[in-house]
Amino acid sequence: MKVRLPKHREFFIKFDKDYDKADEAWEELNKIVKEYSVNGKSVFSESFIEDNEDKVKALQEKYEFTYEIIEK
């Protein structure tokens, strides 16, 4: 039997070790996921990255984290 598994992409977000606003930033990042799922979508949707990258970039400017998009 063959199974085709779709590729999945994720945001890999990293804060400096001593960054004091990381908890606040994670709350904001989790809001993006929650708002996205209200419309019946999930982080596993093919368009999750494209639909939310601008929002993540805006938070990146505010909270000073780095991110990359990784493919699994």
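**View 1. Asparagine 52 sits in helix 2.** Helices here are DSSP runs of H or I with at least four residues, strands are E runs of at least two, and both are numbered from the N terminus. This is a predicted model, in which local features need pLDDT of at least 70 and side-chain atom pairs count only at pLDDT 80 or more, while totals for chains, interfaces and linings use all residues. Residues are numbered from 1 along each chain as its sequence is written, and side-chain values use heavy atoms, with hydrogens and water left out. With a relative accessibility of 0%, asparagine 52 counts as buried (buried means under 20% relative accessible area, exposed over 50%, and partly exposed in between, with a 1.4 Å probe and protein chains only). Setting aside neighbours within four places in sequence, asparagine 52 touches Phe11, Ile32 and Tyr36, where contact means heavy atoms within 4.5 Å. Phenylalanine 11 is 41 residues away from asparagine 52 along the chain, and their C-alpha atoms are separated by 9.9 Å.

**View 2. Helix 1 packs against helix 2, with their axes coming within 11 Å.** Helix 1 covers residues 22-38 and helix 2 covers residues 48-63, and the two cross at roughly 160 degrees. Axes are lines fitted to C-alpha atoms, for helices over the stretch in contact, and angles run from 0 to 180 degrees between N-to-C directions. The two helices are therefore roughly antiparallel (angles over 145 degrees count as roughly antiparallel, under 35 as roughly parallel, 65 to 115 as roughly perpendicular and the rest as oblique).

**View 3. The structure holds 6 aromatic pairs.** Rings of Phe, Tyr and Trp (its six-membered ring) pair if their centres lie within 6.5 Å; planes under 30 degrees apart count as stacked, over 60 as edge-to-face and the rest as tilted. One of the pairs joins phenylalanine 11 and tyrosine 67, whose ring centres are 5.6 Å apart with planes at 70 degrees, so the pair is edge-to-face. This pair links distant parts of the chain, since phenylalanine 11 belongs to strand 1 (residues 9-14) and tyrosine 67 to strand 2 (residues 66-71), 56 residues apart. Phenylalanine 11 is buried at 16% relative accessibility. Phe11 and Tyr67 also form one aromatic cluster together with Tyr36 and Phe48.

**View 4. Phenylalanine 15 and tyrosine 19 make a stacked pair.** Their ring centres are 5.8 Å apart and their planes meet at 10 degrees. Phenylalanine 15 is buried, at 13% relative accessible area, and tyrosine 19 also counts as buried, at 17%.

**View 5. Tyrosine 67 is found in strand 2.** Tyrosine 67 is buried, with a relative accessible area of 17%. Neighbours within four places in sequence aside, tyrosine 67 is in contact with Phe11, Phe12, Ile13, Glu53, Val56, Lys57 and Gln60. Methionine 1 lies 66 residues away in sequence from tyrosine 67 and 37 Å away in space, C-alpha to C-alpha.

**View 6. Glutamate 64 lies in the loop between helix 2 and strand 2.** Most residues other than glycine have a negative phi. Glutamate 64, although not a glycine, has a positive phi of about 60 degrees. Glutamate 64 is exposed, at 56% relative accessible area.
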